[in-house]
Each structure stands twice: as C-alpha cells, then as structure tokens.
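This report goes through a protein model from its salt bridges to its cores, backbone and surface. Please keep the sequence and the structure in view while reading.

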Amino acid sequence: MTAAPARFLARSAFEPAREYRLLPFRFGRLDSERYVVTNDVGEYVVMGRTELAAFAERRLPTTSNTYRALKAKHFLFDDASECALDLLALKVRSRAERIAQFTGLHIFVLTLRCDHSCHYCQVSRQTEDKGAFDMTLEHADAALDAVFRSPSRAIKIEFQGGEPLLAFETLKHVVLRAEEMNVAYRKDLAFVVATNLSKLEDEHLAFAKEHGIAFSTSLDGPKDLHDARRPMRGGSSYDAALRGITRVRQALGPHGVSALMTTTPDSLDRVEDIVDEYVRLGFQGIFLRSLSPFGFAVKTKLLRKLGIEDWLRFYERGLARAIDVAASGVPFREEYTSILLHKIFGASGTGYVDLQSPAGIGIGAIVYNYDGAVYASDEGRMLAEMGDTSFRLGQLGVDSYEAMMTSEALVGPLDDTVLESSPMCTDCPYLPYCGADPVYHRATQADHVGHKALSSFCTKQTHVLGHLLRLLEDDPRARRVLLGWV
C-alpha cells in the first residue's frame, strides 16, 4: 500500500502575525530604566519603558526578540498560538495543586519546658520541673486522629517545645502510634524533632535511627553570638549544640541534622562570620531568618533595635557571601533565596507556608499545642501566648476535625488573604512569588490583610525579589549559582 504524500502547511502559517491579544500581566519598576513584567504563573520578562508601552498598546513588532519571549512565556497570543491558553491553564492548575493536597505539616508542641533562656524565644517557656506544661497522651492521640484525617498523601510530624526531648516518652508514643495507624492509611510519613540538642542521649539517637527521625536545631553563628542570645543554665549552649550535631551525624549520617539561625542586632555586622561558621561546620546551606514579632523578641525590645532595612542589608551581604562560597565549588546555598527561586522557576512553586495565596495557615501547617488547643499556624500559637487567640481553631477532644477546619478562625483569614484580591498586592509584579502572612499582620497591624505600604513583610518581599531579579539579569556569575539552587 502506497503511503500518502506528505502535506505541508500553507506559506501564510509561517508569516508573522499582524495582531496579538494580551494575557493577564502585572508590571513594576526593577530599577530606574527597566521594568519587570510577570504573569499569573510566575513567568517574567524584563524590558524598558518604551518596549513595555509598545507591548501594552499592541504595537510591539512581531519579529522582535521581546515579542518572541512574551509569546513563549504566555503574556500574549496570536493566530499561531493554538494551544497558548490551554498551556497557561495547565500551569495555573499545577501551581494551585498544593491547595487541594491540604495540610502536610503537623506540629506537636510536646512541652513548654526548656533549659535555655533565649532572648528571642517566641513562646512562654517553663522550667524543666513543670510537668503541667506537657502534652498528655490523650491529647497526643486526639491530635493523631486529626493528622490522619488530612487528605495530604505526604505527612510530616514535627515535634516542638520548649525542648521536646524533655517529653521523650510522649514523643515515642506519637511516633509508634503514627506508624501503627499508617499501616492502614499508607501515607508518606516523616518525623523531625526541633531541639537545642542539649538533652540529647544515646536512647534518643537509637530511636531516631530506627524510625527515620531527622533533627533540626538552632545555630546563630560563632560561639560568642550563639551564647549571647541563647543562654543555657550550667554551660555553653554553643558547645552543647556542636556536641549534639556531631553525635547526630555520627548516628544518622551527614544530613541527619539541619540548623536554623535567627538575626539579632548583634548579628548585623557579622553575617560573613555566620555564613563561614555554617560552612566550617559542614552545613550545605543557611537560612538568613529575620526576627519575628512574637514572644520575648517583643518583651526584650529586640525588635526596636532591628528594623527591616537593617535585615535587608544583612541579607544582601549574607547572600553575596553564600554565592561566593558556592562559586568556589563548595556545595552551599541560602535557603530563603532557594525557596523564592523555586517560586520563580518551579512548575509547582513551593510548599513554604509563609509564601502561599491564600495563606498557608491551616492548609500548609497546623499546630497541636501541649494543652490540647489547635492553632492554624505556629505563629498563631505564639500570638495566643501574647493574649490574642484569633487563630485558635478549637480544642482536641471537644471540637471535631471538620468543625476546626471550617471554623471562622481559619476560613476568615483564608478568605482575606487571596493575594489576587488584596489591596496593592493585586497590581504588584511580585505577586506570583509572594504570599500572605495574616498572623504577622495581625500582630503588627491588628488586621489579617494589613496596610501593605506600612508592612515590613511587604517591604522585605519586594526588596528581596527585586534584588534577586537584578542579580539574575545583570550578574552572570551569580545567575549560574542561583540557577543551581533551583
């Protein structure tokens, strides 16, 4: 049987389109000469004012490189863009898929007891002898029942405190019962313990190795910085942390423990020292975390000594040092930058709770407090410790899972924090990469949405994202490193 002759498209199919139509986009200044243009799925193009005006007025030459870039990234479509809208819709759906997956991170606050007296502690810590501030087994079991009601296929249970290793028997109970329940539910189940490591024993390590438990600790930098802001009765908190890090790595491997730092006024002139300390200790990344407006950071007036502009300078210097380290061939990255880069370039964005629209509270993470109270986020629990229970969803053993997850304490903030309908956010070019933080704005402005022009959260996000885009556009060396972090 003779094959049918090949058919060719008419010459007109290859001619430039004479007209094009615009797809939704936002724009804003990147610097004095350039604008950044973004769409709903996080694609971006940088162009000058003249080109931007021509694009918006549908005068952009269809043979130009800018036109081709805008077409490829779904800012416009023409007669030759038969599948453009379908591809854009698919990308939108992929980025929103996490909302349907629902709560993956479940935080168990096992105790408020702690042997540290950190100056920026976000909870009302208690001394080691006060067992009344421990989670009961009844509350632990009720929390587990809620955990496995979540439709998420991936479940991570994180143990917090206080110092959770002071309530190790309860921790063991939760792990063993969760594994038993998971025989039926067949979730992708993981555990992590957020600990200062000072109470770490061989028993803890053996149990962690048997059940695949990871550790997370705090490390604020070199010894003098760490000890100054994280005092511990009877010794050096830095020395205790390093002993613990070494023991965890010996028992669980090099990636068995991660570390997190908190920026304080003492840190501002020491960011290079802090990054170098993380490199020296063999960590492959650092999260340059800003100070939160909760707990002792407010009571000790640390926040008054550390403005957002201070942190932004700290961040830029720290990122520069991290890029230098990575460019030298050492595997290393700044973690917050990596999260933002995944939002810029990743097909599905990121699950980072603070950068979701609507807000990640309840949907991304939920907290079961030692006293049975359930909160929409860890920060919501901290706010409650300061007297504001706005984000309290209910009580274990009293309120059903359905009642808590449909309570006004959750639904109200979620309704208020869809960025696409929030004042100032709706027109911001960084909307696809940003998120809503209703607890932060409640704490600082007594409102879920907050006035963005007065919001340090907004100032932080727009400045950091603008800085990253300028590095990606203008610094080939930095671009190579940053793209390697995605």
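## Salt bridges

Lys71 has a relative accessibility of 27%, so this lysine counts as partly exposed. The model is a predicted one. The side chain of Lys71 meets that of Asp78 in a salt bridge, with 3.3 Å from N to O. Asp78 is buried, because its relative accessible area is 4% and the limit for buried is under 20%.

Glu203 and Lys172 form another salt bridge, in which the closest N and O atoms are 3.9 Å apart. Glu203 belongs to helix α6 (residues 202–211) and Lys172 to helix α5 (residues 168–185), so this pair ties together parts that lie 31 residues apart in sequence. Glu203 is partly exposed, with a relative accessible area of 44%, and Lys172 also counts as partly exposed, at 22% relative accessibility.

A salt bridge also joins the side chains of Glu335 and Arg333, at 3.1 Å from N to O. Glu335 has a relative accessible area of 24% and is therefore partly exposed; Arg333 counts as partly exposed at 32% relative accessibility.

In soluble globular proteins, nonpolar side chains tend to be buried together. In this model the largest nonpolar core has 120 residues, and Phe108, Ile157, Phe159 and Tyr368 have the most contacts inside it. Helix α11 (residues 308–327) gives the most to this core, contributing ten residues.

Which residues does Phe159 touch, not counting those up to four places away in sequence? They are Phe108, Leu110, Pro164, Leu171, Val174, Val175, Phe191, Val192, Val193 and Ala194.

Helix α15 spans residues 408–416, and its buried residues are Ala409, Leu410, Gly412, Pro413 and Leu414. These buried residues pack against β16 (392–395), α14 (401–405) and α16 (438–445).

Ser422 is placed in the loop between α15 and α16. Is Ser422 buried or exposed? Its relative accessibility is 3%, so Ser422 counts as buried. The side chain of Ser422 reaches the backbone oxygen of Val418 at 3.1 Å. With neighbours within four places in sequence left aside, Ser422 is in contact with Asp416 and Thr417.

## Cis peptide bonds and positive phi

Most residues other than glycine have a negative phi, and most peptide bonds are trans. The peptide bond from Gly161 to Gly162 is cis, with omega near 15°. Gly162 is found in the loop between β7 (154–160) and α5. Another cis peptide bond runs from Ser357 to Pro358, with omega near -5°. Pro358 has its place in the loop between α12 (335–345) and β14 (365–368).

His74 is a residue other than glycine with a positive phi, near 70°. His74 lies in the loop between α2 (65–72) and β5 (76–78), and counts as buried because its relative accessibility is 5%. Leu197, which is not a glycine either, has a positive phi near 75°. Leu197 is in the loop between β8 (188–194) and α6. At 3% relative accessibility, Leu197 counts as buried.

## A nonpolar surface patch

Which residues make the nonpolar surface patch of about 220 Å²? Phe345, Leu483 and Val486 make this patch. Leu483 lies in helix α18 (residues 476–484). The relative accessibility of Leu483 is 35%, so this leucine counts as partly exposed.

Technical notes. Residues are numbered from 1 along each chain as its sequence is written. This is a predicted model: local features need pLDDT of at least 70, side-chain atom pairs count only at pLDDT 80 or more; totals for chains, interfaces and linings use all residues. Side-chain values use heavy atoms; hydrogens and water are left out. Buried means under 20% relative accessible area, exposed over 50%, partly exposed in between (1.4 Å probe, protein chains only). Helices (H or I, at least four residues) and strands (E, at least two) are DSSP runs, numbered from the N terminus. Contact means heavy atoms within 4.5 Å. Patches are made of residues with over 30% relative accessible area and no salt bridge: like charges are joined within 9 Å, nonpolar side chains (Val, Leu, Ile, Met, Phe, Trp, Tyr) within 5 Å. Accessible areas come from the Shrake-Rupley method with a 1.4 Å probe; for residues, only the protein chains shown count as cover. A salt bridge is a side-chain nitrogen of Lys or Arg within 4 Å of a carboxyl oxygen of Asp or Glu. A nonpolar core is a set of buried Ala, Val, Leu, Ile, Met, Phe, Trp, Tyr and Cys residues joined through side-chain atoms within 4.5 Å. A polar contact is a pair of N or O atoms within 3.5 Å; within protein, one must be able to donate a hydrogen and the other to accept it, and residues adjacent in sequence count only if both atoms are side-chain atoms.
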